[in-house]
Amino acid sequence: MKVELKQVTADEKEILKNLLEKYDYEFSQWDQRDVNKLGLYGYEYLDYYWTENKRWAYFILVDDKLAGFAMVIDLPEVDDRPTDFQMAEFFVMYKYRRSGVGKEAFFKVLDNHKGRWQLKRHPANLPSVHFWNNVISEYTNGQYELVEAYPRTEYDDGTLADVFFFES
């Protein structure tokens, strides 16, 4: 199985938008977000990935097939800690989960963006909790900080996020 990252071009924005709907649908079980009047979740920051510097959107490809995406920004998740990068969104489709695809894609993202990272997770999303615990610990050899229920990081359901701090 060959895992690759491919930077999303402006011409491929609609494809990413479609995948974001699948991601948001799945995530709504934790953040309780509703769809809009068109039946969509929408992603208000999508256009910024092609109009602002320091935003990167990648497709995750497995054997040249779409398997998910990773979206990286340079804005901090929490503003009281310095950062170079934040994982804005990360999604691997069900078919490719628990096969090493997510870990390999995440490691490739980190290798492409060296520096200080912040990564936020919803504590009720237990598969995500286990995934991020494992891959961040492995990549950093245990050299990271995790702050649970970080202040001012509320999801739509009011839950405070857990935030990782680490370097790549």
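Strands S1 (residues 3-7) and S2 (residues 55-62) pair in the antiparallel sense over five bridges, where strands are DSSP runs of E of at least two residues, helices are runs of H or I of at least four, both numbered from the N terminus, and two strands count as paired if DSSP finds at least two bridges between them. The model is a predicted one, in which local features need pLDDT of at least 70 and side-chain atom pairs count only at pLDDT 80 or more, while totals for chains, interfaces and linings use all residues. Residues are numbered from 1 along each chain as its sequence is written, and side-chain values use heavy atoms, with hydrogens and water left out.

Within this pairing, Glu4 of S1 stands opposite Leu61 in S2. Contacts of Glu4, defined by heavy atoms within 4.5 Å, are made with Phe59, Ile60, Leu61 and Asp64, when residues up to four places away in sequence are not counted. Glu4 counts as partly exposed because its relative accessibility is 28%; buried means under 20% relative accessible area, exposed over 50%, and partly exposed in between, with a 1.4 Å probe and protein chains only. The C-alpha atom of Glu4 is separated by 23 Å from that of Asp47, a residue 43 places away along the chain.

Strand S2 is largely enclosed by the rest of the structure, because eight of its eight residues are buried. In a regular strand the side chains alternate between the two faces of the sheet. In S2, Arg55, Ala57, Phe59 and Leu61 point one way, whereas Trp56, Tyr58, Ile60 and Val62 point the other way, and all are buried.

S2 is also joined to strand S3 (residues 65-73), by eight bridges and in an antiparallel arrangement, with Ala57 standing opposite Met71 in S3. The hairpin of S2 and S3 has two residues between the strands, and Asp63 there takes a positive phi near 50°. Asp64, found in the loop between S2 and S3, has a positive phi of about 70° although it is not a glycine, and Asp64 is exposed, with a relative accessible area of 58%. A positive phi, near 60°, is likewise found at Arg98, a residue other than glycine in the loop between S4 and H3; at 89% relative accessibility, Arg98 counts as exposed.

Asp24, by contrast, lies in helix H1 and counts as buried at 7% relative accessibility. Its contacts, again not counting residues up to four places away in sequence, are with Arg33, Tyr41 and Gly42.

The largest pocket holds about 1,500 Å³ of space. Elements giving two or more residues to its lining are helix H1 (13-31), strand S4 (85-92), helix H3 (101-112), strand S5 (116-121) and helix H4 (126-140). A pocket is here an open set of points on a 1 Å grid over the protein atoms alone, where a 1.4 Å probe fits, with protein on both sides within 12 Å along at least five of seven lines, and lining residues have an atom within 4 Å of a point; the volume is the space filled by probe spheres set on the points, which are joined across faces, edges and corners. The lining comprises 49 residues, of which Tyr23, Phe27, Ala88, Glu89 and Phe90 lie nearest the centre of the pocket.
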